[in-house]
Amino acid sequence: MMLEIKNLHVTVDGKEILKGLSLSVNAGEMHAIMGPNGSGKSTLSYALAGRDGYEITNGRILYNGEDLTAMKPEERAAKGIFLAMQYPVEIPGVTTMNFLKTALNAQRRARGESEYDAVTVLKRVREKAGLLKVSEEMLKRALNVGFSGGEKKRLEILQMALFEPSLAILDETDSGLDIDALKLVAEGVNALRSPERAMLVITHYQRLLDYVVPDRVHVLSAGRIVREGGKELAKELEAKGYEQIVKDAA
Amino acid sequence: MAAVETREKIAALGEKYKYGFTTDIEMERAPRGLSENTVRFISAKKGEPEWMLEWRLSAYRRWREMTEPNWARVHYPKIDYENAYYYAAPKTGATPKSLDEVDPKLLETYEKLGIPLHEQKLLAGVAVDAVFDSVSVATTFKEKLGEAGVIFCPISEAIRNHPELVRKYLGSVVPVSDNFFATLNSAVFSDGSFVYVPKDVRCPMELSTYFRINASETGQFERTLIIADEGAYVSYLEGCTAPKRDENQLHAAVVELVALEGAEIKYSTVQNWYPGDEEGKGGIYNFVTKRGDCRGNRSKISWTQVETGSAITWKYPSCILRGDDSVGEFYSIAIANHFQQADTGTKMHHLGKNTRSRIISKGISAGRAQNTYRGLVSVHPRAANARNYTQCDSLLIGGECGAHTIPYIESRNKSARIEHEATTSKIAEDQLFYCLQRGIPQEEAVALIVNGFCREVLQQLPMEFAVEAQKLVGISLEGSVG
């Protein structure tokens with residue numbers, strides 16, 4: 001089992017958001033977490049990444065059998081946990097290429113691997129950039145500064161391709177994308193599916209799942225998984241709406 | 001690539017202020033305290049001509065009538081000027097003629113500072129003058145510069161060998177009575193660099209001076225004078241470090257730049273005097289007067305400074321835009337951490353027609369530090385079509401520090417165009433989390449974000465210094481978050 005979440009309770013600003021969430025994901029699988037606004041989707045992704053302020057009050061998260069609870073975010077990253085963010089942040093003055101090199105080498109250093117020189121990093125980035133239509137010009141601009149919504153999301157997926165994580169969490173990667181951008185991003189995600197890698201796709205809408213087909217779908221409501229099923233559950237959700245599904249589950 | 005270099009350097013350093021060591025070398029000092037005799041002692045030590053002694057004595061007498069300025073936003077206990085030493089020099093006998101005659105302990109000191117003085121080991125294209133406490137200990141590449149007609153030597157040597165140039169220009173930009181600290185410097189300055197670039201000569205290499213305070217209880221008063229004759233160009237860099245000491249030490253330098261018609265001077269500083277410890281004990285009081293005179297038409301003076309050290313910084317590198325079509329620039333990064341206080345900025349005096357100035361200031365405050373930008377843009381009635389652009393950005397790290405922006409604007413010509421922009425921001429939690437999530441540890445993330453914030457200024461530095469400056473940015477902010 002790559003990821004095993006047991007009875008997870010998470011509190012943010014003194015308010016309990018996740019109330020006993022359990023979930024298991026095997027290597028090679030893609031799971032979708034769907035749920036209405038405020039159900040705790042982003043809280044789950046931040047808790048997995050170890051963001052400050054997301055306090056685990058009960059339960060635990062096992063990643064390849066190791067308890068993540070006390071691990072720093074950067075240590076989790078070095079161990080192969082990647083979170084594609086819903087709102088990628090801007091860092092003025094830091095070129096995208098510089099950021100990629102710094103991050104990649106920080107992860108390698110933490111794993112006791114040798115660092116890549118600038119030429120090697122550039123080569124690796126270029127290899128991945130083509131599919132996602134990330135231009136050389138974008139790589140020279142400051143990280144996410146002045147990027148469109150689609151550009152920001154493509155860059156998140158580029159980073160995922162570059163860092164080659166074992167567990168990738170995609171938080172609302174489809175939000176704010178038009179259909180062409182959505183297809184491009186989906187293609188990028190599908191290219192990264194592999195027997196060694198697990199993916200957790202967090203989304204409000206079903207439309208991304210037309211292009212990125214999950215093995216399992218989980219419905220999150222009020223901090224708990226209320227229903228699980230195969231990919232057809234996403235269609236059912238789309239047809240009936242969250243309210244009905246949640247009511248049925250209760 | 002910057003951040004990785006930054007991190008590598010930080011890792012290599014292993015401690016916060018790596019320049020904090022002292023060199024155990026026999027010193028010769030002037031008697032403690034300040035009197036006419038101190039001034040005479042220094043002048044005699046330097047073998048100065050009578051006119052120079054008189055110049056110093058007149059400064060000393062004026063200084064006695066002056067009071068220390070108190071308008072800056074810095075606070076410190078009263079300095080006891082009678083209880084300090086004003087001259088300290090390694091006991092080496094005569095001035096060394098070549099590097100072979102320099103005390104090996106001094107060479108070792110500069111090696112430790114990362115400034116090897118052996119010419120073959122030097123970065124190609126950078127000539128160095130090394131000032132240790134009150135004297136210059138070595139100047140490299142003198143011959144090569146001599147071929148181009150460039151004079152680059154300790155100012156004490158210039159006073160003896162080029163009196164006509166020194167008499168003509170010394171005090172012509174910063175007059176003897178300019179301000180309390182400049183006047184004090186005029187009385188007791190001991191060494192510093194002198195540069196003269198002749199007409200239409202482009203100086204073939206970067207010139208650099210490395211200032212080192214070593215002796216305890218001793219002030220450093222260096223004096224630098226740079227003259228670019230008509231159509232000449234020179235780029236000059238200075239670096240500064242000092243040992244860790246519990247006491248506060250005074251550094252009161254004066255720098256004068258003169259750019260004649262069509263000349264350009266680029267002056268860069270990486271100031272890393274000991275900033276004091278995390279409780280605010282010790283550190284250098286850095287009271288410096290730097291001014292450039294764009295004396296000729298179409299001349300240009302550009303100041304770039306990276307101020308990371310000193311307990312107190314009081315410094316306003318300025319430009320007098322006297323010549324028509326002359327250009328003044330000021331690019332500044334000022335970092336204050338722990339209990340450091342910085343009050344720094346610039347003055348742009350537009351006197352000539354079509355004069356232009358540009359001010360880019362990046363202030364970073366962390367810990368309990370206070371960081372003030374103080375600047376003046378003044379346009380004279382005669383300065384038709386003067387233009388200024390000012391941008392002051394402040395970055396706050398943590399909740400106990402302060403950033404202040406005090407711009408003064410005086411325009412007496414209706415055709416002047418003056419723009420001022422200012423921002424204050426914080427390193428956002430989401431920026432830090434984003435970096436952490438991508439595997440970049442906290443201190444490296446802070447260094448990365450701050451280096452990004454300072455990018456416009458860092459780009460102004462010559463290559464060799466840009467790397468050192470980036471690494472300094474990271475080091476000076478260690479322990480500022482978390």
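This is a predicted model: local features need pLDDT of at least 70, side-chain atom pairs count only at pLDDT 80 or more; totals for chains, interfaces and linings use all residues.
**Entry 1: chain B as a whole.** I began with the overall make-up of chain B, where I found 12 helices and 23 strands. I then looked up burial, and 56% of the 482 residues of chain B count as buried.

**Entry 2: helix α9 of chain B.** I next asked myself why helix α9 of chain B is largely enclosed by the rest of the structure. The helix runs over residues 429-437, and because seven of its nine residues are buried, I can call it largely enclosed. I noted the buried residues as B:Gln431, B:Leu432, B:Phe433, B:Tyr434, B:Cys435, B:Leu436 and B:Gln437. When I looked for what covers them, I found that the cover includes α10 (442-453) of chain B, together with α1 (41-49), α2 (73-78), β6 (81-84) and β7 (91-95) of chain A. Just after this helix I came to B:Gly439, which takes a positive phi of about 95°.

**Entry 3: where the two chains touch.** I looked up the contact between the chains, in which 25 residues of chain A meet 20 residues of chain B. On the chain A side, α2, β7 and α3 (96-110) each supply at least two residues, and the largest share, eight residues, comes from α3(A). Sorting that side of chain A by class, I wrote down 15 nonpolar, six polar and four charged residues.

**Entry 4: α3 against α6 in chain A.** I followed α3(A) to helix α6 (residues 149-163) of chain A, and the two pack at an angle of about 35° with their axes 11 Å apart. Their crossing is right-handed. From α3(A) the contact uses A:Thr96, A:Leu100, A:Leu104 and A:Gln107, while α6(A) brings A:Leu155, A:Gln159, A:Leu162 and A:Phe163. I sorted these residues too, and they divide into five nonpolar, three polar and no charged.

**Entry 5: a sheet in chain A.** Last, I traced an open sheet of six strands with mixed pairing, in the order β6-β9-β10-β3-β11-β12 of chain A. Its edge strands are β6 and β12 (224-229), each of which pairs on one side only, and neighbouring strands are turned by 20° against each other on average, direction ignored. Within the sheet I looked at β9 (residues 167-171) and β10 (residues 198-203) of chain A, which pair in the parallel sense over five bridges. Here A:Asp171 stands opposite A:Ile202 of β10(A).

Conventions:
Residues are numbered from 1 along each chain as its sequence is written. Chains are lettered from A and ligands numbered from 1 in the order in which they are written. A residue is buried if 20 or more other C-beta atoms lie within 10 Å of its own, exposed if 12 or fewer, and partly exposed in between; C-beta atoms are placed from the backbone. Helices (H or I, at least four residues) and strands (E, at least two) are DSSP runs, numbered from the N terminus. Two residues are in contact if their C-beta atoms, placed from the backbone, lie within 7 Å. Ala, Val, Leu, Ile, Met, Phe, Trp, Tyr, Cys and Pro count as nonpolar, Asp, Glu, Lys and Arg as charged, and the others, Gly among them, as polar. Axes are lines fitted to C-alpha atoms, for helices over the stretch in contact, and angles run from 0 to 180 degrees between N-to-C directions. A crossing is left-handed if the near helix is turned anticlockwise from the far one by less than a right angle, and right-handed if clockwise. Two strands pair if DSSP finds at least two bridges between them.
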